[in-house]
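Please read it alongside the sequence and coordinates.

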Amino acid sequence: MKIVLADLASECFDESIEFGEYNEMTAKIQRRVLAQIKDDQRRKHFAMRQALSIAIIAAVLVSLLTVTAYALGLFKLNKNLITDDYIPRGRWIERDSAGQIINIQDMDYPDANLFFTFDGDVKPHHIEFKPGWLPMEGFGWGEGGWYSYYGNEGDSVIVAIPYQIEVFYALPGYQLVMMYKSEIVEETIWGELEVTKLINHDPYWGDVNYVLLFSPEHGYMISVAGCLDMETLEKIAQDLEIRILDEEVDYNSDYNIGILNLGRG
């Protein structure tokens with residue numbers, strides 16, 4: 001946002017009035033105005049005052065927009081589509097009560113072509129969601145209608161999962177892998193949420209649809225996924241109510257990779 005505004009402003013403002021860090025912009029305004037009125041002494045004083053006012057307004061506007069952009073973008077979601085021979089890899093490290101390593105499990109996903117990583121300088125807070133509409137009842141982890149997980153896993157373990165709603169968090173250094181081949185079919189914005197719709201070609205259940213809701217401001221990602229059609233999952237996602245809790249999310253770097261795919265249990 002800051003770079004784009006600066007580039008646009010430089011095209012309008014063609015050196016030695018100073019207004020802090022925006023002296024170059026104000027100088028260009030002054031020079032352009034003076035060039036236009038150099039032969040009219042009666043207008044010089046008025047034009048100079050006008051140029052200074054415009055410069056101040058421009059500087060304040062750029063500053064405010066920049067601050068707002070950064071305030072609303074504390075976190076970033078990176079969608080890593082793999083087009084070469086790269087394989088997502090990570091580790092799960094188990095320690096005893098004294099902190100000594102007792103087991104290391106290397107994790108790699110050679111059949112994945114998509115994984116997610118996150119950027120952020122602060123810890124996200126835990127969230128909970130309340131479903132507003134569901135195609136069928138399910139069960140969840142939570143109370144009072146608020147959940148950190150909710151879904152319907154079907155009537156038995158041999159049938160596909162209709163839908164699941166799960167929460168993930170923007171933790172730097174953490175990889176979230178989508179096993180098997182996937183394709184992103186749409187990227188859009190719903191209010192303050194970045195929305196990614198994708199199809200995962202699961203060799204066991206068939207195609208599974210995903211609607212991912214990411215908050216750049218609060219650093220959470222809600223996955224609404226299942227074997228129901230994309231329109232139904234969108235309806236579930238659109239009717240979710242979300243609340244931010246006071247508790248911050250702790251990140252254990254010993255477990256630096258996880259799976260986004262549907263699963264039971």
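Over residues 1-23 of this predicted model, pLDDT stays under 50, and the model has 32 contacts beyond four places in sequence for that stretch. Residues 58-71 also have a pLDDT below 50, with 12 contacts beyond near neighbours in sequence. Where pLDDT is low, the predicted coordinates should not be read in detail. For the chain, the mean pLDDT is 81, and 71% of the residues reach 70 or more.

**Strand pairing**

The table lists the antiparallel pairings that involve strands 10 to 13.

| Strand 11 and strand 12 (206-214) | nine | three | Asp202 and Gly206 |

**Nonpolar cores**

The largest nonpolar core has 43 residues. Tyr210, Ile222, Val224 and Leu260 have the most contacts inside this core. Strand 12 provides the largest share of the core, six residues. Another core, of nine residues, lies apart from it and includes Ile82, Met179, Tyr180 and Ile257. In soluble globular proteins, nonpolar side chains tend to be buried together.

Leu260 is in the segment after strand 15 (257-259). Its relative accessible area is 1%, so Leu260 counts as buried, the cut-off being under 20%. Beyond four places in sequence, Leu260 touches Phe116, Phe168, Leu176, Val177, Met178, Tyr210, Leu212, Met221 and Ser223. The C-alpha atoms of Leu260 and Phe115 are 8.7 Å apart, with 145 residues of sequence separation.

**Two buried asparagines**

Asn113 lies in the loop between strand 3 (101-108) and strand 4 (114-120). With a relative accessible area of 13%, Asn113 is buried. Which backbone atom does the side chain of Asn113 reach? The side chain reaches the backbone nitrogen of Ser182, at 2.8 Å. Ser182 is also among the contacts of Asn113 beyond four places in sequence, together with Asn80, Leu81, Ile82, Met178, Tyr180 and Lys181. Ile82 and Tyr180 belong to the core of nine residues.

Asn78 is located in strand 1 (residues 75-81) and is buried, with a relative accessible area of 15%. Phe115, Phe116, Thr117, Phe118 and Asp119 are the residues that Asn78 touches beyond four places in sequence. For Phe116, which is 38 residues away along the chain, the C-alpha to C-alpha separation from Asn78 is 5.5 Å. With Asp119 there is a polar contact between side chains, at 3.4 Å.

Key. Residues numbered from 1 in each chain as written. Predicted model: local features only at pLDDT ≥ 70, side-chain atom pairs only at ≥ 80, totals over all residues. Heavy atoms only, no water. Helix = DSSP H or I, 4+ residues; strand = E, 2+ residues; numbered from the N terminus. Buried < 20%, exposed > 50% of the residue type's maximum accessible area, 1.4 Å probe, protein only. Contact = heavy atoms within 4.5 Å. Pairing = 2+ DSSP bridges. Core = buried A, V, L, I, M, F, W, Y, C linked by side-chain atoms within 4.5 Å. Polar contact = N/O pair within 3.5 Å; in protein donor to acceptor, adjacent residues only side chain to side chain. pLDDT = per-residue confidence, 0-100.
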